[in-house]
Amino acid sequence: MRIMLAPMEGVVEHHVRDILTRIGGLDGCVTEFIRVTDQKLPYKVFYKYAQELETNSQTPNGTPVKVQLLGSKPEPMAINALELVNYGAKSIDLNFGCPAKTVNSHEGGACLLRTPDRVYNIIKAVRDAVPKNIPVSAKIRLGFEDRSSYMENASAVESAGANELTVHARSKADGYKPPAYWHYIADIKAKLKIPVIANGEIWTIDDYIRCREQSQCDDVMLGRGLLSCPDLARQIKAHLSGEDYRPLIWLEICEMLFAYYQKTTPLYDERNCGNRVKQWLMYLSRQYPQAQIFFDEVKRKSTPQDIEDCFKKALDDCK
């Protein structure tokens, strides 16, 4: 079985991919989506979202990274997919799942699920454009306004020549509200011959087990669940193998977060230096009560020194 890291826009950039893959349990990652309109994008845009292009499309510990494209026009998608391959991408993923209003209003992401023919045409164009040895995969939701078109879209993905499909087990209208409707994925897996990966609402080992039972998928993709519990993939793998594994404690998480802060601070304007850490703390607070306490202390801090002082206090409180 495989566990993949989901492509969360504005959250899972290459530093986060590095951290989470080093912890272990992950078999692959997908980048944040790269928006394609009518233009052939320059290398600097691809590199911004997929710095692993410089390292054989792998994170520093060797975990493969797919590069994800989002767009609504077959020809530009195909042209940019081929450009990515020429720049070193080893696998291309296509986004038909993003629920964001701004993306959908520009005919990208989940809105394309209203017209399975368009899903087919985009995937077919990309599949025909890139070499046969380069896998092309897609990520969909169960539908747009409702979940009635899930099988039609899944079939379009396979018919167009995709090598793999990830299904987020909710429609666009469902958003991220529980529950995830994993049983729909079982219908898809029973019909399709390509590998199917289940995604959505997997926060714990028990959630993984229920998802596996209801979706009939051994392979899963983790997003918010992995940000709230950074070693969740490692825990799942240990559980399945019978390994005696001790989950990460708050001190280890806090040290990890501080290292992330120190590495990324130079990349942002001073007034924004702590934004990514604050964002991650909100996810971590679901699993670690100390993260909520830390967030309450740091949320109004805006200078590097103030934020660093909050980290030192949090770390001292752990010892």
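These notebook entries record what I looked up in the structure.

**Basis.** I worked from a predicted model, in which local features need pLDDT of at least 70, side-chain atom pairs count only at pLDDT 80 or more, and totals for chains, interfaces and linings use all residues. Residues are numbered from 1 along each chain as its sequence is written, and side-chain values use heavy atoms, with hydrogens and water left out.

**Strand E5.** I took buried to mean under 20% relative accessible area, exposed over 50%, and partly exposed in between (1.4 Å probe, protein chains only).

I then looked up the partners of E5, where two strands pair if DSSP finds at least two bridges between them. Strand E4 (residues 65-70) runs parallel to E5 and is joined to it by 3 bridges, with Leu69 opposite Leu94. From E4 the chain passes through helix H3 (residues 74-86) to E5 in a right-handed β-α-β crossover; right-handed means that, with the strands pointing away from the viewer, the path from the first strand over the helix to the second runs clockwise. E5 also pairs with E6 in the parallel sense, over 5 bridges, and there Leu94 stands opposite Ala138.

**Helices H6 and H7.** I found helix H6 (residues 150-159) mostly covered, with 7 of its 10 residues buried. Among them are Tyr150, Met151 and Val157. These buried residues pack against helix H5 (116-129), strand E6 (136-141), strand E7 (164-168) and helix H7 (182-191), a contact being heavy atoms within 4.5 Å. Gly161 follows H6 and has a positive phi, near 105°. In H7, I noted Trp182, Tyr184, Ile185, Ala186 and Ile188 as buried; their cover includes H6, E7, strand E8 (196-199) and helix H8 (205-215).

**Leu232.** Leu232 lies in helix H10 (residues 232-241) and is buried, at a relative accessible area of 1%. Setting aside residues up to four places away in sequence, I listed its contacts, including Ile202, Trp203 and Leu222.

**Cysteines.** How many disulfides does a search of the whole structure find? I counted 0 disulfides, each defined as a pair of cysteine sulfur atoms within 2.5 Å. For Cys111, the nearest cysteine sulfur, that of Cys98, is 9.5 Å away.

**Salt bridges.** Side chains of opposite charge can pair when their charged atoms come close. I counted 19 salt bridges, each a side-chain nitrogen of Lys or Arg within 4 Å of a carboxyl oxygen of Asp or Glu. Glu164 forms one with Arg2, the closest N and O atoms being 2.7 Å apart. This pair links distant parts of the chain, Glu164 in strand E7 and Arg2 in the segment before strand E1 (3-5), 162 residues apart. Glu164 is buried at 9% relative accessibility, whereas Arg2 is partly exposed at 26%. I also noted that Arg2, Lys66, Glu164 and Asp219 are linked in a network of salt bridges. The side chains of Asp128 and Lys124 meet in a salt bridge at 2.7 Å, N to O. Because they are 4 residues apart in helix H5, about one helical turn separates them.
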